[in-house]
Amino acid sequence: MMYKLYSIYDKDAKEFGPLFNAKNDIVASRYVEEMIKEVNHVDSYALYCMGEYDTEYGITETNVSFISDCSNLIDIVEDGD
């Protein structure tokens, strides 16, 4: 099965956080929305897709792409439902 790899970028620290996987951008956005509920300065963070990996063959593909600023994730989740 193919999964996408995601990371949250910290604009102030200028670095990406740990990778996590999700089926698609909507599911990743839901995960992040839950993680940042109690975080101050959510506008300092952004969600990126880092690539994909295949759980059957272990093949990874890197393709970094911006998904959304974390302050906008609620809109993405609501649009995807």
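View A. In strand β4, Leu47 is the bridge partner of Ile8. Strands β1 and β4 run antiparallel and are joined by 9 bridges. Two strands pair if DSSP finds at least two bridges between them. Strands (E, at least two residues) and helices (H or I, at least four) are DSSP runs, numbered from the N terminus. The model is predicted: local features need pLDDT of at least 70, side-chain atom pairs count only at pLDDT 80 or more, and totals for chains, interfaces and linings use all residues. Residues are numbered from 1 along each chain as its sequence is written, and side-chain values use heavy atoms, without hydrogens or water.

View B. Of the 10 residues in β4 (residues 45–54), 7 are buried (under 20% relative accessible area; exposed is over 50%, partly exposed in between; 1.4 Å probe, protein chains only). β4 pairs with β5 in the antiparallel sense over 7 bridges. Tyr48 stands opposite Phe66 in β5. The hairpin has 5 residues between the strands, and Gly58 takes a positive phi near 70° there.

**View C. Salt bridge Asp25–Lys4.** The side chains meet at 3.7 Å, N to O. Asp25 lies in helix α1 and Lys4 in strand β1, so the pair ties together parts 21 residues apart in sequence. A salt bridge is a side-chain nitrogen of Lys or Arg within 4 Å of a carboxyl oxygen of Asp or Glu. The count by this rule is 2.

**View D. Salt bridge Asp69–Lys11.** Here the N to O distance is 2.7 Å. Asp69 belongs to strand β5 and Lys11 to the loop between β1 and β2, so the pair links parts 58 residues apart in sequence. Asp69 is partly exposed at 23%; Lys11 is partly exposed at 31%.
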